[in-house]
Amino acid sequence: MKQSPSISEHDNDVESDEKAQGKEIEVDEDALPSRAAAIHEEIRQDGEKELERDGMALLWSAVAAGLSMSASLMAKGIFHVHLAEVPGGFLLENLGYTFGFVIVIMARQQLFTENTVTAVLPVMHKPTGGNFLLLLRLWGVVLTGNLIGTALGALAFNHMPIFDDATRQAFTSISEKVMANSPHEMFANAVISGWIIATMVWMFPYAGAAKIVVIVMMTWLVALGDLAHIVVGSVEVLYLVFAGTLPWQEFFWPFALPTLLGNITGGTLIFALISHAQIRNDMSEAAKAKAKAEQKRKEKALKKQQ
C-alpha cells in the first residue's frame, strides 16, 4: 500500500497557477509570446526550485558560498601587491573581485542577491502569504549562511599563516576603502550593485557557454565602480573586525544594514519588478500564443500527411 506523503513534504511547496492545474511552467520560447517571456518563465522555474529546497541544504550551500566569496578579497589583495607599479594595474586588480563570484555561481552555491533574485518572480506571479513566507525563509537562511561563511574566511585570513605582511596590508587597505563610505553612500552604491547582479542573472538563460564571461564582465563592473555588495563586503569589513581595528557595531552600521537594504532595493525590488512588469501583458496573451503555436504544428503535421 502506497503511503501518503507527510505534511512536512508539502511545507515548502510554492503556490502557482501551474501547480493548481497540475502542469509544468512553460519555458518553450515558441509557445510564448516573446523571448523576454521565455527568460522570465525559465527564471521563475528556477526560483520555485530555490524556494522549495530543504532548509539545511540551503544553509550549508550558503556557508560554502560565503567561504568561496573570500576568494575575491584574496585575489584582489594579491593583485594589489604585485600590480602596484604596473600601468593599468587598477583594472587588473579589480579583476580579482570576480573570482569569488565565478566560484560561487559556477559551483551553484547559494549567494544572496543572485539566487534570491530568481525566487522573487514566483512571489510576483502568485503573491500569496505562503509564497511570501517561503521567500523570507530563503532570504534569512541564505543571508545567515553567507555571513557565517564570510566570517570564517575573514577569521582564517587574519589568524592563519597564509599571507605575507604586504598582502595583509593590502587586505586592510581594500577593507578600509569600503568603510570610508557614509551610510547614505553605502545604500546608493548597493542599489546599483544589486541592479547589476540582477541583470547578470537575467542574462544567464541565453548565455550558454559564455556564462563565465557574463559573470566576469558584470561583477568586474561592480568592482570598478567601488559598489557595495553585502557578501563580498562582509569579508572585507569582518577582516577589519577580527584584526581589532574596527568595532563590531560598525559592521552592522554603517556597513551591513544600508548595504543589505540597497542590494534588496536595486536587485530584488526595482529590477525584478520592472522585469516582471515588462512581460505582464505578454503573459496575458500566453494562452493565445500557445494556441497559435499548436495550430501551426497541426498544420505542418497535416501537410506532411498529404
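Visitor: Where is Thr113 placed?
Guide: Thr113 is in the loop between α6 (98-106) and α7 (115-118). Bear in mind that this is a predicted model.

Visitor: And what's the phi of Thr113 like?
Guide: Positive, at about 85 degrees, although Thr113 is not a glycine. For background, most residues other than glycine have a negative phi.

Visitor: Is Thr113 buried or exposed?
Guide: Buried: the relative accessible area of Thr113 is 4%, and the cut-off for that label is under 20%.

Visitor: OK, over to Asp226. Where is that one found?
Guide: Asp226 sits in a loop too, the one between α12 and α13. Its phi is near 50 degrees, again a positive value in a residue other than glycine.

Visitor: Now pockets. Which residues lie nearest the centre of the second largest pocket?
Guide: Asp226 comes up again there, along with Lys76, Val178, Leu227 and Glu236. The lining has 17 residues in total. Elements giving two or more residues to that lining are α10 (165-179), α12 (211-224) and α13 (230-243).

Visitor: How much space lies in that second largest pocket?
Guide: About 220 Å³.

Visitor: What does its lining have by class?
Guide: Ten nonpolar residues, four charged and three polar.

Visitor: Switching to the surface: which residues form the nonpolar patch?
Guide: Trp195, Leu269, Ile270, Leu273 and Ile274. Together they have about 430 Å² of accessible area.

Visitor: Which helix gives the most to the nonpolar patch?
Guide: Helix α14, residues 249-284, with four residues. Trp195, for its part, has its place in helix α11, residues 183-203.

Visitor: How exposed is Trp195, then?
Guide: Partly, with a relative accessible area of 34%.

Visitor: Last topic, the backbone. Which peptide bond is cis?
Guide: The bond from Trp253 to Pro254 is cis, and its omega is near 25 degrees. In general, most peptide bonds are trans.

Visitor: Where is Pro254 found?
Guide: In helix α14, the helix that gives the most to the nonpolar patch.

Notes: Residues are numbered from 1 along each chain as its sequence is written. This is a predicted model: local features need pLDDT of at least 70, side-chain atom pairs count only at pLDDT 80 or more; totals for chains, interfaces and linings use all residues. Side-chain values use heavy atoms; hydrogens and water are left out. On a 1 Å grid over the protein atoms alone, a cavity is a set of points where a 1.4 Å probe fits but cannot get out, and a pocket is an open set with protein on both sides within 12 Å along at least five of seven lines; lining residues have an atom within 4 Å of a point. Grid points are joined across faces, edges and corners, and a volume is the space filled by probe spheres set on the points. Ala, Val, Leu, Ile, Met, Phe, Trp, Tyr, Cys and Pro count as nonpolar, Asp, Glu, Lys and Arg as charged, and the others, Gly among them, as polar. Patches are made of residues with over 30% relative accessible area and no salt bridge: like charges are joined within 9 Å, nonpolar side chains (Val, Leu, Ile, Met, Phe, Trp, Tyr) within 5 Å. Accessible areas come from the Shrake-Rupley method with a 1.4 Å probe; for residues, only the protein chains shown count as cover. A salt bridge is a side-chain nitrogen of Lys or Arg within 4 Å of a carboxyl oxygen of Asp or Glu. Buried means under 20% relative accessible area, exposed over 50%, partly exposed in between (1.4 Å probe, protein chains only).
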